[in-house]
Amino acid sequence: MSEVAQGGATVFTDLGLSVFPIKNAALFWMNVLPSGEGNERTRHAACPVLRGSKWGGRNIERIGMAIRVACEW
């Protein structure tokens with residue numbers, strides 16, 4: 001993740017939680033319950049970056065899911 005001057009938060013609407021990007025940090029969550037069903041509470045949105053730029057990746061979360069939950073690809 002990169003750091004931005006203003007904006008760029010990831011917002012979890014059902015949890016009332018906003019997480020702002022920090023350089024060299026990662027945000028990780030499991031979006032699947034132990035039953036294999038999706039966890040609606042992990043619904044999230046990205047706020048626009050107002051100043052600066054935001055870089056990140058998605059592969060880590062998919063690797064974590066594949067390790068813990070049997071998935072059909």
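Is D14 buried, partly exposed or exposed? Select it and have a look: D14 is partly exposed, with a relative accessible area of 45%. On this scale, buried means under 20% relative accessible area, exposed means over 50%, and partly exposed lies in between (1.4 Å probe, protein chains only).

Before moving on, a word about what is on your screen. This is a predicted model, in which local features need pLDDT of at least 70 and side-chain atom pairs count only at pLDDT 80 or more, while totals for chains, interfaces and linings use all residues. Residues are numbered from 1 along each chain as its sequence is written, and side-chain values use heavy atoms, with hydrogens and water left out.

**Stop 1: the salt bridges**

The term salt bridge here stands for a side-chain nitrogen of Lys or Arg within 4 Å of a carboxyl oxygen of Asp or Glu. Side chains of opposite charge can pair when their charged atoms come close.

E40 is exposed, at 52% relative accessible area, and R43 is partly exposed, at 47%. With the three residues displayed together, you are looking at a network of salt bridges that links D14, E40 and R43. The structure holds 2 salt bridges.

**Stop 2: the sheet**

Switch to a cartoon view and find residues 10-12, which make up strand β2. Strands (E, at least two residues) and helices (H or I, at least four) are DSSP runs, numbered from the N terminus. Strand β2 belongs to an open sheet of 3 strands, in the order β3-β2-β4 with antiparallel pairing. The edge strands are β3 (17-19) and β4 (44-46), each pairing on one side only. Two strands count as paired if DSSP finds at least two bridges between them; β2 and β3 pair in the antiparallel sense over 3 bridges.

**Stop 3: T10**

Select T10, also in strand β2. T10 is buried, with a relative accessible area of 12%. What is T10 in contact with, leaving aside its neighbours within four places in sequence? Its contacts (heavy atoms within 4.5 Å) are L17, S18, V19, L27, H44, A45 and K54.

**Stop 4: the aromatic pair**

Next, select F12 and W29. The ring centres are 5.0 Å apart and the planes stand at 90 degrees, so the pair is edge-to-face. Rings of Phe, Tyr and Trp (its six-membered ring) pair if their centres lie within 6.5 Å, with planes under 30 degrees apart called stacked, over 60 edge-to-face and the rest tilted. F12 lies in strand β2 and W29 in the loop between β3 and β4, 17 residues apart. Both F12 and W29 are buried.

**Stop 5: R51**

Finish at R51, in strand β5 (residues 49-51). R51 is partly exposed, at 48% relative accessibility. Its contacts, leaving aside neighbours within four places in sequence, are V4, A5 and Q6.
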